[in-house]
Amino acid sequence: MDKPVNQKAWFLVLPVLVLVAFSAVIPLMTVVNYSVQDTFGNNVFFWHGIGWFQEVLTSPRVHGAFGRQLLFSAIVLAIQIPLGVAIALCMPRRGIWVSVCLVLMALPLLIPWNVVGTIWQILGRSDIGLLGRALDAMGISFNYARNPLHAWIIVVVMDVWHWTSLVALLAYAGLRSIPQAYYQAAEIDQASRWKVFRYIELPKMRGVLLIAVLLRFMDSFMIYTEPFVVTGGGPGSATSFLSIDLVKMALGQFDLGPAAAFSLLYFLVILLVSWVFYTVMTTIDRAEG
Amino acid sequence: MARITLDGLAHSYLPHPQGEGDFALKELNLDWEDGAAYALLGASGCGKSTLLNIISGLLRPSRGRILFDGTDVTRRPTAERNIAQVFQFPVVYDTMTVRQNLAFPLRNRGRDEAYVARRVVEIAAMIGLEHMLDRKARGLTADAKQKISLGRGMVRQDVNALLFDEPLTVIDPHMKWELRTQLKKLHREFGHTMIYVTHDQTEALTFADQVAVMHDGRVVQTGTPQDLFETPAHTFVGYFIGSPGMNVVPARIEGDRAILEGGPVVRLGDVYGPVTGRTAIGIRPEFARLTEGEGLPVRIRRVEDVGRHQIVRADLFGQEINVIAAEGERIPADAARVWFDPSHVNVYADDWRVTPLRRAQEVA
């Protein structure tokens, strides 16, 4: 059969091209532009090659931020994924409590990020915050503004509070999609609760957990607002994660060139790690198939 | 293996059932012999899965008792009843190999590994999976998965009964036949008590020695496939079994005659006492014959040739009936008559079959 040829059909793709160009390509190209140029002000730029990239790649400050970022994402994932699954397992399966639980779980997800930061910033203060005062009353001197460990604790706890429900909701959806027959068969086979989890629930949740891990990794790796509000990256640079450091560099010091190179590398790292995650997990999936 | 007795069993999904309508399963007394194959046949929502789940212990009945070999197991959990169940959708443990799947129930019961290994190989040979023991279960076809489910049940030697809940629903048509034949063979060889729930009459009739037909939460008839075909105890059994189902024609019953609406008379093979209620006669299309001489006048609407025979859709005094005619038989154009074999005409009052007083003289 002859297909009608009409090259004008390409115009149908035009709106998308324009949209993507303005929303992604052009802004990204501006950054690319900055990353290879230097300026001494007066809007005069000159070519700097890959100099900024070399500088960023060898900068101890960026290395530090990168290390902290990895540690933060690892801690957050290690807490949120198991905790989210555990919460999902404890949630009721039917009845009115399902809706109550779902709404309660969704609440932290609906709060704007800087509000979350403010909530915890106040909560942890030892002069007016509930948590800070309570700890103080128990004889624990808690000060996230001066003690790096305390700063980490509050940032991690805040992120767990904010995002565990996302994992729990995803895991819950995965659990709910398991047909009742699996549980009945397990009962007939006299499988213990642990075996039901290990051989039925966990394998069936694999898909949603993969999504949860990816989402939580990307989000936690790009975290900015909450720690910025609570600790401002401090004390010192103890909680300066990549985004915070990047903003300091770009807007605080107005080092546009290095900051542009930094953000491109940052973007590539996220892309790379997400790709590796995805590939590894789908390969495991296929290997077991 | 065990004899299963259902004693006054009834179940409602409501906490405080009021009338009979609230019961998904109406009061039921049944005896299932040790080592026989039974089918529970009925349309969707008739309570057959409820009954099965009560037997397996996944559901606790509102009333009545279940006895295995005379022991009351009503309050016992599934695990203690020692039954096996194959579900509608194949249940396998995805991450395990076929071997691990089959070994799972034994390992959970703490049997020693040597026994487990031997038993798994035995069962795999029985269900024809010995060549794929080391493959992951999740990549297999639906019929292989269903065999694994079955194998997980049979791997326990002391299993009381094997229950099947529409096990062939997701199996490809060409595999259905094979699996069913295999089940039948396993039953003959190993003699497990088997209870097979289905809505497919062919499956039920070919699989089971005894078929219990369920309708609206009630077992309306239990019998051999032949009983169900020749003397349906309820008009539902008549409709549901057979293709097409039994013709039910409203009629007044007087002794050995049935008088249809409009006056025509049908001779019956038996003599009946006074029959009250909504009365009708039931006659299977197989026992009706188109003639040119005797019988009642019908108007033929349509003839369907289904290969082995022809199905004649006809109009009998405003009542639609089906008649089966032999393949190649000439169907009279319009002035046709239909003759019902008197010995196969059953009488129904309010949908239940009426037992005749005695054989009619002409036929006896």
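**Figure 1. Strands β1 and β4 of chain B pair in the antiparallel sense.** In this predicted model, strand β1 (residues 4-11) and strand β4 (residues 63-68) of chain B are joined by five bridges.

**Figure 2. The open sheet around β1 and β4 of chain B has four strands.** Reading across, the order is β2-β1-β4-β5 (chain B), and the pairing is antiparallel. Which strands stand at the edges? They are β2 (25-32) and β5 (71-72) of chain B. Each of these has a single partner strand, so one side of each is left without a neighbour in the sheet.

**Figure 3. Strand β9 of chain B pairs with β3(B) and with β10(B).** Strand β3 (residues 37-42) of chain B runs parallel to β9(B), with five bridges between them, and B:A39 has B:V211 as its bridge partner in β9(B). Strand β10 (residues 218-223) of chain B pairs with β9(B) in the antiparallel sense, over five bridges. In that pairing, B:M214 stands opposite B:V219 of β10(B). Two residues lie between the strands in the hairpin of β9(B) and β10(B), where B:D216 takes a positive phi near 55 degrees. Strand β9 (residues 210-215) of chain B is itself mostly covered, with five of its six residues buried.

**Figure 4. Another open sheet of chain B has six strands.** Its order is β13-β12-β11-β15-β21-β22 (chain B), with antiparallel pairing. The edge strands, β13 (265-267) and β22 (352-353) of chain B, each pair on one side only. For a closer look at one end, follow strand β21 (residues 346-349) of chain B, which is joined to β22(B) by two bridges.

**Figure 5. Chain B is assigned two domains.** The domain assignment gives domain 1 as 4-230 and domain 2 as 243-359. How far apart are the C-alpha centres of domain 1 and domain 2 of chain B? They lie 38 Å apart. Chain B holds nine helices and 23 strands, and its C-alpha trace spans about 75 × 50 × 35 Å along its principal axes. Of the 364 residues in chain B, 42% are buried. Among contacts in chain B between residues at least 6 apart in sequence, 66% join residues at least 24 apart. As for confidence, chain B averages a pLDDT of 85, and 98% of its residues score at least 70.

**Figure 6. Helix α3 of chain A has 31 residues.** Covering residues 60-90, helix α3 of chain A reaches 45 Å from its first C-alpha to its last, close to the 45 Å expected at 1.5 Å a residue. Its buried residues include A:V62, A:A65, A:Q69, A:F72 and A:V76. A:H63 lies in this helix too. Is A:H63 buried or exposed? A:H63 is exposed, because it has 12 other C-beta atoms within 10 Å. A:H63 and A:P27 are 36 residues apart in sequence, and their C-alpha atoms are 26 Å apart in space. For the complex, the predictor gives an ipTM of 0.76 and a pTM of 0.77.

How values were computed. Residues numbered from 1 in each chain as written. Chains lettered and ligands numbered in written order. Predicted model: local features only at pLDDT ≥ 70, side-chain atom pairs only at ≥ 80, totals over all residues. Expected span 1.5 Å × (residues − 1). Buried ≥ 20, exposed ≤ 12 C-beta atoms within 10 Å, placed from the backbone. Domains from an automatic or database assignment. Contact = placed C-beta atoms within 7 Å. Pairing = 2+ DSSP bridges. pLDDT = per-residue confidence, 0-100.
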